[in-house]
Amino acid sequence: MPRPFNLDGAEQRVLTPSECVGKRTRSELEMLESLLATGGLVLLRDSVEWEGRSLLKALIKKSALCGEQVHILGCEVSEEEFREGFDASVNSQLVYHDLFRDPLNWSKTGEALPGGPLGALRAMYRRTDPGPVTLALDSLSWLLLHLPCTTLCQTLHALSHQDTCPGDSSPVEQVRVLGLLHEELHGPGPMGALSNLAQTEVTLSGTASQASAHILYRRSRQHPTHKIQWFSILPDFSVDLQGGSPLKSQPHPDPDTPLVDPTPHLTFNLHLSKKEKEAKDSLTLPFQFSSEKQQALLCPGSGQATSHIFYEPDAYDDLDQEDPDDDLDI
């Protein structure tokens, strides 16, 4: 049964199923378009509890329905399994580069991609058709196990910051790289390097029944913004949004770096009470040379006694009557 919604300035009415679908579709497009809008590297960080391949396929479907050609570097599942769930209109837009079947060319059938994983990664953007392109990497964790971290980061940076295709003079309107990363398989070094490369970073988590996406947007010459979105992925890889927090214009702390409060172990107080602040402000420090002290030193009063210093040499004092600079011709 449709759920009633309270409309401002009107009585309660029941939304029709088509209106409910339209409302959900607009929210779904808003989330997916926000993830795909900036271009560059979109990093999807999943875990054992919350897998991220479904969200990756939802973003691929959104890009394909917009008319973009999507290149997929498949490393962890077969092409048949990855294409499962997409309709014919989406599958026709996908170009699958298979590293799952024979990544090291052991079968010698000629089906393996030349150049290994790095050659396949560089070959993904060699194309002739103009317009924006989406590159999906399933997954970055597999590539990190077969390539040095520095080489992978340099290649990702070159992929996501291309103005022209290598070997081709046609301009690329926008290059977007979608990278799935299993964060539990890597240490803080590779995780931090890939995180710094990403323009949009999505960390998947949730509760027992709902998944949440902690989205961090990094835009040029702007402060990073952070948003939490609750959602679920439907069998056709559409997104059912279930609420979320508003966009916050403030730096988001790195989830890999725990925040430590240094105040409990200090031997002094960082804050002053009102009385302590008044006492501090009223205290004259000995090294403060006030105007009153300067006037007293320069113009002593008539009633003030003058001071004299009397010095009586000791028997062991070294008193040399000769001029130490007598040999100098000054």
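1. Basis of the values. The model is predicted, and local features need pLDDT of at least 70, side-chain atom pairs count only at pLDDT 80 or more, while totals for chains, interfaces and linings use all residues. Residues are numbered from 1 along each chain as its sequence is written, and side-chain values use heavy atoms, with hydrogens and water left out.

2. The sheet. Nine strands form an open sheet with mixed pairing, in the order β5-β4-β6-β7-β3-β8-β9-β10-β11. Strands here are DSSP runs of E with at least two residues, helices are runs of H or I with at least four, and both are numbered from the N terminus; two strands pair if DSSP finds at least two bridges between them. The edge strands, each pairing on one side only, are β5 (94-98) and β11 (239-244). On average, neighbouring strands of the sheet are turned by 20 degrees against each other, direction ignored.

3. Strand β4 (residues 69-74) runs parallel to β5 and is joined to it by five bridges. His71 has Val95 of β5 as its bridge partner.

4. Strand β9 (residues 211-217) and β10 run antiparallel and are joined by seven bridges, with Ala213 partnered by Gln229 of β10. Between β10 and β11, also antiparallel, there are four bridges. Ile233 has Val239 of β11 as its bridge partner, and Ser232 stands opposite Asp240 in β11.

5. Contact means heavy atoms within 4.5 Å; axes are lines fitted to C-alpha atoms, for helices over the stretch in contact, and angles run from 0 to 180 degrees between N-to-C directions.

6. Helices α5 and α7. Two packed helices are described by the angle between their axes and the distance between the axes. For α5 (residues 116-123) and α7 (residues 149-160), the angle is about 10 degrees and the axes are 10 Å apart. The two helices are therefore roughly parallel, a term that covers angles under 35 degrees. Leu118, Leu121 and Arg122 of α5 meet Thr151, Leu152, Thr155 and Leu159 of α7. By class, this contact has four nonpolar, two polar and one charged residues. Nonpolar covers Ala, Val, Leu, Ile, Met, Phe, Trp, Tyr, Cys and Pro; charged covers Asp, Glu, Lys and Arg; the others, Gly among them, count as polar.

7. Helices α7 and α8. The axes of α7 and α8 (residues 188-197) come within 10 Å and cross at roughly 10 degrees, so α7 is roughly parallel to α8. From α7 the contact takes Cys149, Cys153, Leu156 and His157, and from α8 it takes Pro190, Ala193, Leu194 and Leu197. Its classes are seven nonpolar, one polar and no charged residues.

8. Backbone exceptions. Most residues other than glycine have a negative phi, and most peptide bonds are trans. Asp138 and Ser139 are joined by a cis peptide bond, with omega about 15 degrees; Ser139 lies in the loop between β6 and α6 (140-146). Phe237 takes a positive phi near 65 degrees in the hairpin of β10 and β11, which has five residues between the strands.

9. The second largest pocket. This pocket holds about 190 Å³ of space. On a 1 Å grid over the protein atoms alone, a pocket is an open set of points where a 1.4 Å probe fits, with protein on both sides within 12 Å along at least five of seven lines, and lining residues have an atom within 4 Å of a point. Grid points are joined across faces, edges and corners, and the volume is the space filled by probe spheres set on the points. Of the 13 lining residues, Trp50, Ala211, Phe231, Ser232 and Ile233 are the closest to the centre of the pocket. At least two lining residues come from each of α2 (53-65), β8 (200-206) and β10 (225-233), and β10 gives the most, with three. The lining comprises six nonpolar, six polar and one charged residues.

How values were computed. Parallel < 35°, antiparallel > 145°, perpendicular 65-115°, else oblique.
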